[in-house]
Amino acid sequence: MAIHPKEHRIVLKYADEPGYTPKIESYLEHGGYDTLKAAFSKKPEDIRDEVKKSQLRGRGGAGFPAGVKWSLVDRKSGKPIYLVCNADESEPGTFKDRQIIHKDPHQLIEGMMISAYANDCAKAFIYIREEMPHGARILDEAILEAKGKGFCGDNICGSEYSCDLVVHRGAAAYICGEETGLIESLEGKRANPRIKPPYFPAVLGLYQCPTIVNNVETLCDVKHIMEMGADEFAKIGRPNNTGTRIWCVSGGVQRPGYYEVGQITLGELVNDICGGPLPGRSIKAIIPGGSSMKILKAEDRYKGKNPDGSEYDWGLEDIPLDYDGIAAAGSMSGSGGMMVLDDTVSIPAALANLMAFYSHESCGQCTPCREGSLWLKKITTRMVHGEARPGDVDLMKSVADQIAGRTICAFGFAVAWPVQSYIAKFEDEFREYEESLSNPDTDRTSIKELACNHG
Amino acid sequence: MAEEKKDNLVTVNIDGVDVQVPKGTNMIEAAAKVGKEVPHYCYHPKLSIAGNCRMCLVELGMPGRDRATGEPMLNEDGSPKIMWMPGPAIGCGTNAAPGMHIKTNSEKVKEAREGVTEFLLVNHPLDCPICDQAGECRLQEFSASHGRGQGRFTEEKNVKPKRTRLGPRVTLDDERCILCSRCIRFSQEIANDDVLGFTDRGSYSTLTCFPGKELANNYSLNTVDICPVGALTSTDFRFKMRVWFLKETNSIDFETSAGCNTKVSSREGKIYRITPRRNDAVNDTWMPDSGRELYKKVESEDRLQSSLIDGTEVSAQNAVVAASELLNGGNVAIVGSGKATVEEQFALKGIADAIDHKGVYLVARYGEGDGILITEDRNPNVRGALLTGLIDALPEEQLTDLGQKIDSGEVKTVLTTKEDLIAAGLTEAQLSKVSVVYIGAHANPTTAKAKVVIAGLTQFEKSGTLVNVQFRIQKFNKAIPGPKGAIDDLLALSTIQANLSGEEAPSSIGSIWKSIAAEGSVFEGLSFASLSDEGQLLDGSKFSELPFKEGKSLKYDPQTEAVATTE
């Protein structure tokens, strides 16, 4: 598979190279574990400083600076510090971590061992999504290989530092990917997210001990920061948006797939790398960072002021493809799962699809998310079955507003943001459903065809 | 409650009012201190914080600090500038920190509560007219006070299991459940019997027992008490009575020396249920299931309906006269009871003092303790008998010594209060040798052999005090009237005492307390009327050497509380 010239591959550098295998021999031939060996000549706090200096931001969804996350860890409690790799990649539209795990598992192990050494962890976990059994097998084998060569386990690289690494298969629920839900699940319980305060993982995480939970891609980036140095890493991208990111593009483009890029625009990714919309179609909207993120409409202008006072006025394609760029456009880069909706897509049907997913995945712990998500599913499903009622659109908005910001975890936003943003950007489409479908004379045949999957 | 240390206090501001609370106090409790109710479902003061119902959302602000300098930010008038958080925070999970501000009644807060209330109702069956919880249902109350008053939900509601038997005493209606997890946390944290959990997820989450388990522990009915809605119901009380008809009377659980505080609910002289009453020094908000069944003894088949002389029904007055004559005849032994009240024990001591008796006994009852609220001593008031001077050593389970005195002819008459002498080890042959005077509410093998039986009252038909394992004296009140033919045990004992001593003896609780609280006694300064519902610790140091049987329980530790003299 040819690498597009606009890609900037670091993490996936060798993954798709012909002949490259997940075996340790392949990894070692490409300089694998050299960075880990070199890391032991540094003090853990120096590695932490380096990661902080790199301005690496978390690749899992929230984009929290990884170095800051590490600096919040309670190192005085006397309790063990755990490192957990969040490989519960389940945000719809996201399939990047799977590539790393399937094709280059040792890179993750190396990144984790460097991170574990930097944070004085004696035990690390990879919490991998239940639906990725192949990935779990690959990781298990890779860990055995790494232990055999002394890159993991006891006395790593002869440094006298030891860290055990365990693969834990998840409990097959979206919420297991939420940081504290993951910790509960790892403890063997229902993955109900914890209340914060007091259960901040950095202080009271796994088994009530300080815990670092990082995404797969983030931990791989740590390896590259240590390899190239924080300054070099930070040169990719712009300040506060450093390094490369792997974007997963799906939906109405000619070449969907995963692409690791530096600083480019959304248009460059969608049109140049992914080849733009399918023939005869046009892009209607883009969900930039996984299905929970707010939608971006194609013909909108995205205007505002930069922190330095200068103004920006972007079309959809001009939006810088990074954390701050997409945030400036009113959404979030999230997990990097970009879904392109072309002109054949009915926005209310897309929303109904999402609500069916989120109401199914709500853990049910706290009231607004539990009841609100199913309510929204019931309304949207009814709507796309040709049974909209007057007032449905306003009711949906109100229900979403009653969820957002009032829940234990960010899942509430994941339910509310699509509803709020889809209606805000495509209110006409919803109103049309509401008006025509609440009219008894309307022919519902076409709508019912659309709704085939929304039982 | 213990006096709070001053340096542990922080000042928080609730709706503009400054209040000092101990550090770590959550905002629901802090608001309660200034008379503000923060509505809540999942929060329970005696359980861990779950934070799942979201009803207690409040606006939260902290004094701002300048990011660059770290200096406090000030308003123009020099007061600290409060930085309000953009979203609401849960009151139950927000602990007091210096300078914290909360708003419990702002528009944002009201709107959040309306939202949560609406969400809780969308899949709720709204079957209040046939629900036992109606009238004491938090959901019903808060829907009225914090809801919008109308529904917008026009979809089909979820269907969940109804009438599920969770255990021998608890029935579950899953459709009414608001998934607050109080019952689950109670089972894990208090009852130490982790059998409840949720299956399925999202709005389909369903409370259930683990496979092959049932909610059968002796504290299962506490889950019914703390269930904020009508999901968990008492199988015994279900569909029996509307709660608003019930009169509540403060009482004490007579099962063991723990002395759980209870509420007896009755209507027109009939008791319908017993529930725990909060006392943080004794039982928190809990009580055993077994104690809730005791009211059934009021109307049990063995209940004595009238007094008897030689098996013939007589008036209580005549029985008391006959008893006095027998006791005046000498060679009397007295068997008191650890189930009697302090007042009754005191009166019995008066009788003992008035005659030349051949011994005063008490019957001990021991069983296994559960480490929670069932203590090893199954008598609720042995310590009362010690403090009144009725006995001076721990009682035996068997009346062996008394049996020998009967056999030797030393004892000719036995006065027993509440105790079945045969159960306590005497034989029918021994009872045939003596004249027995029995005062109590229930028939037993002893009453069949008794010369005089005085029909007394159960604990629900009279008032009195008990001294629990901590030497805490607690009072209970009369909930219902006794049967027509019965006489208050205290009145019977006082009358006998008066007849024997020739002096007028106090016969009401109020007047007898004047004697009990005499100078120099451990009860000095107390009176029945002034004794608070929380009870009061008495000085039991005189008995610190006695080998009490109680082990550690919820609020008692023999290691540290063997001598409970001060708060």
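Me: What share of the 567 residues in chain B is buried?
Reply: Buried residues come to 48% of chain B. Keep in mind that this is a predicted model.

Me: How is chain B divided into domains?
Reply: Domain 1 of chain B covers 6-105, domain 2 covers 122-245 and domain 3 covers 307-561. Between domain 1 of chain B and domain 3 of chain B, the C-alpha centres are 52 Å apart.

Me: What box do the C-alpha atoms of chain B fill?
Reply: Roughly 95 × 55 × 40 Å, taken along the principal axes.

Me: And how many helices and strands are in chain B?
Reply: Chain B has 15 helices and 24 strands. As for its contacts with a separation of 6 or more, 66% are between residues 24 or more positions apart.

Me: How many residues of chain B are in contact with chain A?
Reply: On the chain B side 25 residues take part, and they touch 24 residues of chain A. Helix 2 of chain B (residues 107-122) gives the most to the chain B side, with six residues. By class, that side of chain B has 12 nonpolar, nine polar and four charged residues.

Me: Switching to chain A. What is the strand order in the open sheet?
Reply: The four strands run in the order 3-2-1-4, with parallel pairing. Strand 3 (164-169) and strand 4 (211-215) of chain A are the edge strands, each pairing on one side only. On average, neighbouring strands of this sheet are turned by 20° against each other, direction ignored.

Me: How many bridges do strand 1 and strand 4 of chain A pair over?
Reply: Five, in the parallel sense; strand 1 of chain A is residues 81-87. One pair to look at is A:Val84 with its bridge partner A:Val213 in strand 4 of chain A.

Me: Which strands does helix 7 of chain A lie across?
Reply: Helix 7 (residues 133-148) lies across strand 2 (121-128) and strand 3 of chain A, and runs at about 165° to strand 3.

Me: At what angle do helix 6 and helix 10 of chain A pack?
Reply: Helix 6 (residues 105-118) and helix 10 (residues 216-228) of chain A pack at about 75°, with their axes 8 Å apart. An angle from 65 to 115 degrees counts as roughly perpendicular, so helix 6 and helix 10 of chain A are roughly perpendicular to each other. Residues making the contact include A:Leu108 and A:Ile114 of helix 6 of chain A, and A:Leu219 and A:Met226 of helix 10 of chain A. Its classes are eight nonpolar, three polar and two charged residues.

Me: What is the phi of A:Asp120?
Reply: Positive, about 55°, although A:Asp120 is not a glycine. A:Asp120 sits in the loop between helix 6 and strand 2 of chain A.

Me: And what is the phi of B:Asp310?
Reply: About 50°, also positive. B:Asp310 is in the loop between strand 15 (307-309) and strand 16 (312-314) of chain B.

Me: Why is B:Asp310 exposed?
Reply: B:Asp310 has 10 other C-beta atoms within 10 Å, and 12 or fewer counts as exposed. A:Asp120 has 16 within 10 Å, so A:Asp120 is partly exposed.

Methods: Residues numbered from 1 in each chain as written. Chains lettered and ligands numbered in written order. Predicted model: local features only at pLDDT ≥ 70, side-chain atom pairs only at ≥ 80, totals over all residues. Pairing = 2+ DSSP bridges. Helix = DSSP H or I, 4+ residues; strand = E, 2+ residues; numbered from the N terminus. Axes fitted to C-alpha atoms, helices over the stretch in contact; angles between N-to-C directions. Contact = placed C-beta atoms within 7 Å. Domains from an automatic or database assignment. Buried ≥ 20, exposed ≤ 12 C-beta atoms within 10 Å, placed from the backbone. Parallel < 35°, antiparallel > 145°, perpendicular 65-115°, else oblique. Nonpolar A, V, L, I, M, F, W, Y, C, P; charged D, E, K, R; others polar.
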